4 protein chains.
Amino acid sequence: MSMQRILEEIRDEVRPLLHQGTIASYIPELASVPPERFGMAVHTVDGKVFAVGDAGLRFSIQSISKLFTLTLAMQLDGDDLWARVGREPSGNAFNSLVQLEYENGKPRNPFINAGALVVTDVILSHLDNAIETLRDIVRALSGEPTIDFDLAVARSEQATGHRNKAMAYFLKSFQNLDNDPEKVLDAYFHHCSLAMSCHELCQASLFLANYGVAPVSGDFIMTTNQVKYINSLMLTSGTYDAVGDFAYRVGLPSKSGVGGGIVAVMPGQFSVCVWSPGLDASGNSLVGTKALEIFTTKTGISIF
Amino acid sequence: MSMQRILEEIRDEVRPLLHQGTIASYIPELASVPPERFGMAVHTVDGKVFAVGDAGLRFSIQSISKLFTLTLAMQLDGDDLWARVGREPSGNAFNSLVQLEYENGKPRNPFINAGALVVTDVILSHLDNAIETLRDIVRALSGEPTIDFDLAVARSEQATGHRNKAMAYFLKSFQNLDNDPEKVLDAYFHHCSLAMSCHELCQASLFLANYGVAPVSGDFIMTTNQVKYINSLMLTSGTYDAVGDFAYRVGLPSKSGVGGGIVAVMPGQFSVCVWSPGLDASGNSLVGTKALEIFTTKTGISIF
Amino acid sequence: MSMQRILEEIRDEVRPLLHQGTIASYIPELASVPPERFGMAVHTVDGKVFAVGDAGLRFSIQSISKLFTLTLAMQLDGDDLWARVGREPSGNAFNSLVQLEYENGKPRNPFINAGALVVTDVILSHLDNAIETLRDIVRALSGEPTIDFDLAVARSEQATGHRNKAMAYFLKSFQNLDNDPEKVLDAYFHHCSLAMSCHELCQASLFLANYGVAPVSGDFIMTTNQVKYINSLMLTSGTYDAVGDFAYRVGLPSKSGVGGGIVAVMPGQFSVCVWSPGLDASGNSLVGTKALEIFTTKTGISIF
Amino acid sequence: MSMQRILEEIRDEVRPLLHQGTIASYIPELASVPPERFGMAVHTVDGKVFAVGDAGLRFSIQSISKLFTLTLAMQLDGDDLWARVGREPSGNAFNSLVQLEYENGKPRNPFINAGALVVTDVILSHLDNAIETLRDIVRALSGEPTIDFDLAVARSEQATGHRNKAMAYFLKSFQNLDNDPEKVLDAYFHHCSLAMSCHELCQASLFLANYGVAPVSGDFIMTTNQVKYINSLMLTSGTYDAVGDFAYRVGLPSKSGVGGGIVAVMPGQFSVCVWSPGLDASGNSLVGTKALEIFTTKTGISIF
């Protein structure tokens with residue numbers, strides 16, 4: 001069966017589930033997204049593109065941005081990063097302060113919020129215009145110069161993000177932020193507010209399926225080993241507190257966001273992105289997870 | 001043996017211990033207090049006063065201020081307060097965020113920092129000039145109109161209090177602060193910065209030993225039942241994570257602060273205040289705790 | 001108003017609450033106790049006795065036995081005991097293994113189950129017939145040679161006490177039990193199964209209100225300081241996870257059991273015991289707690 | 001470079017590290033293994049075999065047995081198993097009771113000790129001679145009828161396994177064991193005591209690299225989906241509290257044991273087993289982990 005046909009079957013199979021998830025409602029910009037949105041795209045390393053549904057519509061990538069901030073921090077800081085943030089699954093809710101306290105301010109991994117704040121802090125210490133640099137990298141990776149922050153989203157996150165604020169000051173109290181917590185939070189909320197489509201996210205993450213080289217431009221983004229590191233982190237820590245279940249059902253390194261997007265990669269072959277705004281109890285797109293599960297079952301392709 | 005003689009014996013017995021504690025060093029104003037400072041005063045409900053050493057010198061009362069903010073909040077809010085803060089010992093470090101998370105943002109008691117922030121928030125919601133009102137109450141209770149905040153201390157706390165900031169935003173994320181966290185922190189740090197002497201603290205807390213009536217002025221401060229509540233909270237939660245050991249050794253309702261002060265009351269009889277800046281591992285004055293232990297042993301007076 | 005009259009008023013006031021509590025149901029012997037049982041007795045240090053209701057009926061004292069095992073262990077082991085068990089409130093459910101793990105196998109205090117197992121282990125290491133010795137002490141203290149274990153209760157606890165078994169082996173894994181865990185559990189379950197009446201419990205604990213001397217026999221049980229220690233432990237740790245609320249409402253050092261009994265003491269004056277089998281959410285007798293609250297309010301007597 | 005040559009290079013490179021690990025010392029049988037032991041074998045799905053060092057010597061497979069008990073339980077119980085044990089990384093030490101308490105007796109995954117006890121309980125409920133059946137399956141998978149339990153090891157584990165006993169009774173207290181805890185522990189300790197060589201473990205786990213079919217016999221062991229499940233569990237939970245770091249460095253689904261063995265699989269290609277008794281701080285073979293890291297680096301083969 002062709003890849004395009006598989007995507008179409010998935011689209012039809014998940015349709016009855018579109019209203020079962022819960023749309024993130026803590027800020028108005030996310031709450032107003034229509035629940036019936038669904039898009040899915042596959043980009044292969046040799047240039048083929050497949051898609052169904054709203055794969056060209058932009059949505060708030062939220063925590064998927066942590067993939068790109070981690071990439072940038074690894075480029076800037078190399079292995080020094082791991083002195084300040086761990087590489088282990090959290091075994092706890094993604095925004096838990098508990099673990100941070102028991103482990104003396106060293107976040108378990110770069111994909112929980114506390115870890116992403118430390119990663120953002122690293123970037124700020126290296127760059128004068130960290131916010132824009134991250135955006136420019138994402139534009140370059142995806143080849144879409146119009147990608148931008150959704151400033152209304154960033155402002156709303158600022159106004160409601162008390163727990164992230166608590167986390168930033170808590171990290172500061174452990175001396176694990178070098179910059180002013182308010183500045184770190186500002187950059188963090190900007191990054192999370194990036195609006196991108198499934199196609200753009202596939203393209204931007206395709207270097208992770210291609211051993212570190214961006215296939216279209218031929219640009220070297222990072223070493224094969226560094227890509228292996230990021231992919232393994234996605235597998236063990238990329239989908240909040242459901243990584244085990246996700247690996248079990250989907251079996252691909254993946255990173256999700258509360259905007260309802262999920263990016264996954266199959267090393268050597270392709271990247272795949274799915275978007276549907278309704279979330280399951282773990283904060284992952286309910287339909288997106290199901291779509292990826294069907295995808296790996298129908299194609300027989302997974303890393304396991 | 002006379003009370004005065006007992007205090008003099010205590011002063012002599014604790015002298016060799018004066019350099020064994022650790023002076024709080026997180027702000028310069030506390031760090032610079034000479035370790036050999038020691039004062040102790042006893043004020044009885046029938047007007048007798050006994051003292052030794054530096055009982056007339058002012059020091060930073062820090063967490064002892066929680067006694068007075070709780071008194072004010074109980075006057076303003078009555079039993080509504082207990083919907084937002086518990087009355088149980090914490091069983092954890094006084095500034096732990098862990099417990100707050102497991103218990104969904106309701107601090108265990110008004111004497112841990114999180115609880116004191118909620119108490120401060122209650123006061124702010126009732127009064128326009130909460131900071132000054134608290135100071136005026138303490139002035140009236142002690143009969144000393146010159147008592148005031150140490151603004152250098154308050155400013156230093158602001159600059160270094162990342163963990164308290166984290167706590168305030170965390171409480172806000174659970175909707176357990178009504179006011180702006182920054183405003184709550186400002187009031188909180190002001191209250192903690194009050195500078196008072198052993199004599200002034202004895203006088204200000206004497207209503208707790210006199211069933212709610214300030215002995216000198218005859219002012220009714222709170223009901224006998226409310227006093228009983230505060231005294232029981234002091235016993236079960238007033239000395240950080242050492243309340244059990246403290247009750248065991250001293251056996252009086254007590255409230256301590258990192259400035260090295262401890263206030264204790266014997267219902268129906270007296271209040272006693274001791275000050276020595278060196279702290280033990282629990283954050284209580286090392287010599288102060290020892291002095292109170294000797295005091296209850298020599299006098300044979302305790303609530304047990 | 002006379003003490004007898006106060007007890008009668010309490011009996012009348014609590015009657016409407018008798019069916020509101022939940023009777024412990026994990027073993028059939030406790031589950032079958034009629035919910036309308038209510039007894040209350042006061043024994044003063046100068047020999048007066050007051051009582052209402054079922055004050056002469058025996059019930060399963062359960063955790064109240066921890067008072068007597070602690071007394072015995074302090075007689076046998078002195079202060080060495082505190083190297084193996086702490087004196088701090090637990091801040092957690094009374095049978096939590098969590099705290100034990102975080103604190104490397106040293107229970108927080110002798111009144112949580114883990115602590116009582118260590119106390120029992122201490123007794124076993126000193127005595128050949130620890131089970132009987134404890135019973136004989138309770139008989140002597142209360143002057144009632146017919147007090148005995150309820151072997152059906154002890155057997156049922158053995159059969160269902162999986163969590164206590166887990167606790168014992170966990171303590172053993174931290175080398176904080178010297179004896180075979182099965183032997184420790186056997187002694188522990190026997191002690192908990194003691195059947196006593198309110199009158200007998202008042203009499204047996206009266207030395208705690210009399211500075212260490214049993215008033216009737218004149219026997220010296222322990223030093224004034226040791227009594228102070230036990231009373232302070234009762235206040236800070238005697239009523240499961242509700243010690244703060246209990247101190248706040250009742251204001252007397254107290255020890256409760258899931259059989260519905262509560263023993264309290266007023267130093268220098270009296271011991272009081274109340275029994276009603278329905279429990280509140282914390283595991284304390286619902287009516288018993290209320291009765292003691294009314295008692296301290298009507299008499300105006302509390303330690304605070 | 002040939003696979004054989006790669007193994008030889010690894011052997012030479014890790015030699016200086018052989019004395020850096022810590023040999024498990026809680027039972028004499030493990031403590032007495034010479035630290036310089038090192039073996040490594042690779043078996044491919046198309047029948048090739050490569051090996052260096054002590055690849056033919058048997059050692060105590062310990063937790064690697066959890067792979068085989070899980071396989072058997074999935075054959076017997078299908079997806080019902082997941083109602084009683086989760087599939088998420090633990091984020092805590094492998095023998096933590098804390099998590100079990102917070103999650104009401106449902107272990108996080110089948111590879112932590114609590115989870116393996118539940119898996120063992122499932123097997124016991126289905127089979128009369130569960131202990132022998134498991135051994136027979138391992139014999140059949142590896143084609144080695146002489147594989148057997150080391151009864152001295154099993155007895156020593158019984159005698160010292162207080163924490164596992166605590167765990168079993170704790171599970172029982174949550175009604176998550178159907179059988180007598182002692183019987184479950186007996187089976188568990190037997191399974192852990194299996195003695196096997198690197199060659200035998202490679203052969204026995206080769207079906208995990210071959211989509212569920214044992215390559216030599218052609219026997220169908222489980223479905224492709226079930227194999228995918230086990231491999232994903234190995235990746236997210238197979239190496240104690242170091243899974244993130246292990247995925248990062250090695251990048252293969254792996255299961256380790258405190259006997260110093262590690263089994264890993266590359267889906268579609270091969271299984272690899274390494275043994276060296278010295279452990280790192282996480283309880284994984286120090287040299288074994290290093291050997292696998294060099295192996296995936298030199299071959300360029302990993303799932304990421």
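**Briefing: helix packing, chain contacts and selected residues**

H1(C) passes H13(C) in a right-handed crossing; a crossing is right-handed if the near helix is turned clockwise from the far one by less than a right angle, and left-handed if anticlockwise. Helices (H or I, at least four residues) and strands (E, at least two) are DSSP runs, numbered from the N terminus. This is a predicted model, in which local features need pLDDT of at least 70 and side-chain atom pairs count only at pLDDT 80 or more, while totals for chains, interfaces and linings use all residues. Residues are numbered from 1 along each chain as its sequence is written, and chains are lettered from A and ligands numbered from 1 in the order in which they are written.

**Helix H1 against helix H13, chain C**

- Helix H1 of chain C spans residues 3-14, and helix H13 of chain C spans residues 286-299.
- Their axes come within 10 Å and cross at roughly 140°. Axes are lines fitted to C-alpha atoms, for helices over the stretch in contact, and angles run from 0 to 180 degrees between N-to-C directions.
- That angle makes H1(C) oblique to H13(C). Angles under 35 degrees count as roughly parallel, over 145 as roughly antiparallel, 65 to 115 as roughly perpendicular and the rest as oblique.
- From H1(C), the residues C:Ile6, C:Glu9, C:Ile10, C:Glu13 and C:Val14 take part. They meet C:Val287, C:Lys290, C:Ala291, C:Ile294, C:Phe295, C:Lys298 and C:Thr299 in H13(C).
- The contact of H1(C) with H13(C) has 7 nonpolar, 1 polar and 4 charged residues. Ala, Val, Leu, Ile, Met, Phe, Trp, Tyr, Cys and Pro count as nonpolar, Asp, Glu, Lys and Arg as charged, and the others, Gly among them, as polar.
- C:Gln4 is also found in helix H1 of chain C. C:Gln4 is partly exposed, with 14 other C-beta atoms within 10 Å. A residue is buried if 20 or more other C-beta atoms lie within 10 Å of its own, exposed if 12 or fewer, and partly exposed in between, with C-beta atoms placed from the backbone.
- C:Gln4 and C:Ala41 are 37 residues apart in sequence, and their C-alpha atoms are 9.4 Å apart in space.

**Helix H5 against helix H9, chain B**

- Helix H5 (residues 113-126) of chain B packs on helix H9 (residues 181-192) of chain B at an angle of about 105°. The two axes are 9 Å apart.
- H5(B) is therefore roughly perpendicular to H9(B).
- H5(B) brings B:Ala116, B:Leu117, B:Thr120, B:Asp121 and B:Leu124 to the contact. H9(B) brings B:Lys183, B:Val184, B:Ala187 and B:Tyr188.
- By class, the contact of H5(B) with H9(B) divides into 6 nonpolar, 1 polar and 2 charged residues.

**Chain A with chain D**

- In this interface, 29 residues of chain A are in contact with 29 residues of chain D. Two residues are in contact if their C-beta atoms, placed from the backbone, lie within 7 Å.
- On the side of chain A that touches chain D, helix H11 (224-237) and helix H12 (243-249) each supply at least two residues. H11(A) gives the most, with 8 residues.
- This side of chain A has 11 nonpolar, 12 polar and 6 charged residues.
- A rotation of 180° with 0.0 Å of shift along its axis superposes chain A on chain D, with an RMSD of 0.0 Å. That is the relation of a two-fold axis. Copies are superposed by least squares on the C-alpha atoms of residues with pLDDT of at least 70 in both.
- The same surface serves both copies, as 100% of the contact residues of chain A recur in chain D.
- A:Tyr240 lies in the loop between H11 and H12 of chain A. Its phi is near 55°, a positive value in a residue other than glycine. A:Tyr240 is buried, with 24 other C-beta atoms within 10 Å.

**Chain D with chain C**

- The contact takes 12 residues from chain D and 12 residues from chain C.
- H4 and helix H8 (162-173) of chain D give two or more residues each to the side that touches chain C. H8(D) has the largest share, 8 residues.
- This side of chain D has 5 nonpolar, 3 polar and 4 charged residues.

**Two loop residues of chain D**

- D:Pro110 is found in the loop between helix H4 (98-102) and helix H5 (113-126) of chain D. D:Pro110 is buried, with 28 other C-beta atoms within 10 Å.
- D:Pro110 touches D:Lys66, D:Leu70, D:Val85, D:Gly115, D:Ala116, D:Val119 and D:Leu233, not counting residues up to four places away in sequence. D:Lys66 is 44 residues from D:Pro110 in sequence and 7.5 Å away in space, C-alpha to C-alpha.
- D:Gln62 lies in the loop between strand S4 (59-60) and helix H3 (65-77) of chain D. D:Gln62 has a positive phi of about 50° although it is not a glycine. With 22 C-beta neighbours inside 10 Å, D:Gln62 counts as buried.
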